[in-house]
Amino acid sequence: KRVLKRTLPVPHPTTETRLLSGMKLLHEPSLEQLSQQISGVHGKVRLSTRLELYSCKMAGADKKLFKQISLEGNPDEYEALSPATMALPSPGSFSASPSSDLALASSVDDSGGLCPACSRKTLYFLKALLNCAFGPDYDFSYTRSHEFSREPSFDWVRQSIQSHLQSAMGDVFAELIPVLWAQVEECIKTQDCDFYSYSPDADCDPFAEDGMLWSFNFFLFNKKLKRILFFHCRAASLSAPYEEEALAMEEDHDQDLFEFDDTLTPRE
């Protein structure tokens, strides 16, 4: 599988996998506090949230590794992405991101039409961030470009996030809305951002745990600041095992399998 869970063997490091672990998480107390306020039990669902800021600046070994990757292909070449993750906003509410000129950042699909695209370099950063956020339990180095989407505007992203969280948290989230977007704006300057999302294939979804109701993964990428703000949230039913409980159950199962295998003898 392209996304590896902790129970599967991790392949030997390659140039690309080493590169894709080079992101730096920036300490931002305001975002950490908001993550804590959103996470937890709300009514009949449990939310797990990451609202984090990462630096894309490469130095030393990471920069050399990126140059090695560049020799294997042009990092400025575009790769096709999936369409945006939700229906278009109503006319008049659409405001394009600063470099979202689809005439320039698009590719031709199998039917001959245009589909969203982004550079290989941008894909490196998105996958590296996922590795930094969820590694070493998961490896996103070989995630395919079609599992990412390019969203047309900040309003588009904000509408999706608010729709999910409002349904789960109700009035509690309504009180957080002004503070949330004020802190996001202060950290990433949305007017200078491009917007992406990650929606993994069902067969390798690392967030597809028992009882999961929904999840989202948005990236606000400010190339001028060389920063990405990552907003991840998933909702699970209260009947589903909590993360620590699920991990303990998984380890117990692995141990049971090991002990069972140890008792087997070859058949004559």
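A search of the whole structure, which is a predicted model, finds five salt bridges, a salt bridge being a side-chain nitrogen of Lys or Arg within 4 Å of a carboxyl oxygen of Asp or Glu. Residues are numbered from 1 along each chain as its sequence is written, and side-chain values use heavy atoms, with hydrogens and water left out. Local features need pLDDT of at least 70 and side-chain atom pairs count only at pLDDT 80 or more, whereas totals for chains, interfaces and linings use all residues.

Arg-150 forms one of these salt bridges with Asp-194, with 3.3 Å between the closest N and O atoms. The pair links distant parts of the chain, Arg-150 belonging to strand 7 and Asp-194 to strand 8, 44 residues apart; strands (E, at least two residues) and helices (H or I, at least four) are DSSP runs numbered from the N terminus. Both partners are buried, where buried denotes under 20% relative accessible area, exposed over 50%, and partly exposed the range in between (1.4 Å probe, protein chains only). A further salt bridge joins Lys-224 to Asp-192, the closest N and O atoms being 3.6 Å apart. Because Lys-224 lies in the loop between strand 9 and strand 10 and Asp-192 in the loop between helix 6 and strand 8, this pair ties together parts that are 32 residues apart in sequence. Lys-224 is exposed at 68% relative accessibility, while Asp-192, at 25%, is partly exposed. Through salt bridges that share partners, Arg-150, Asp-194 and Lys-223 are joined into one network. The side chains of Arg-50 and Glu-52 also meet in a salt bridge, at 3.1 Å from N to O; Glu-52 counts as buried at 14% relative accessibility, and Arg-50 as partly exposed at 26%.

Strand 8 (residues 193-198) is largely enclosed by the rest of the structure, because six of its six residues are buried. Cys-193, Phe-195 and Ser-197 point one way from this strand, and Asp-194, Tyr-196 and Tyr-198 the other way. Strand 8 runs antiparallel to strand 7 (residues 148-151), to which four bridges join it, and pairs in the antiparallel sense with strand 9 (residues 212-222) over five bridges; two strands are taken to pair if DSSP finds at least two bridges between them. Tyr-196 in strand 8 is the bridge partner of Arg-150, and Cys-193 stands opposite Asn-222 in strand 9.

The largest nonpolar core has 31 residues, those with the most contacts inside it being Leu-47, Leu-165, Leu-220 and Leu-229; such a core is a set of buried Ala, Val, Leu, Ile, Met, Phe, Trp, Tyr and Cys residues joined through side-chain atoms within 4.5 Å. The elements that give two or more residues to this core include helix 2 (29-38), strand 3 (45-55), helix 5 and helix 6 (171-188), and helix 6 gives the most, with eight residues. A second, separate core of 22 residues includes Met-23, Leu-130, Phe-140 and Tyr-196.

Helix 5 (residues 154-169) has 16 residues and reaches 22 Å from its first C-alpha to its last, close to the 22 Å expected at 1.5 Å a residue, the expected span being 1.5 Å times one less than the number of residues. Among its buried residues are Phe-154, Trp-156, Val-157 and Leu-165. Helix 5 is followed by Gly-170, whose phi is positive, near 60°.
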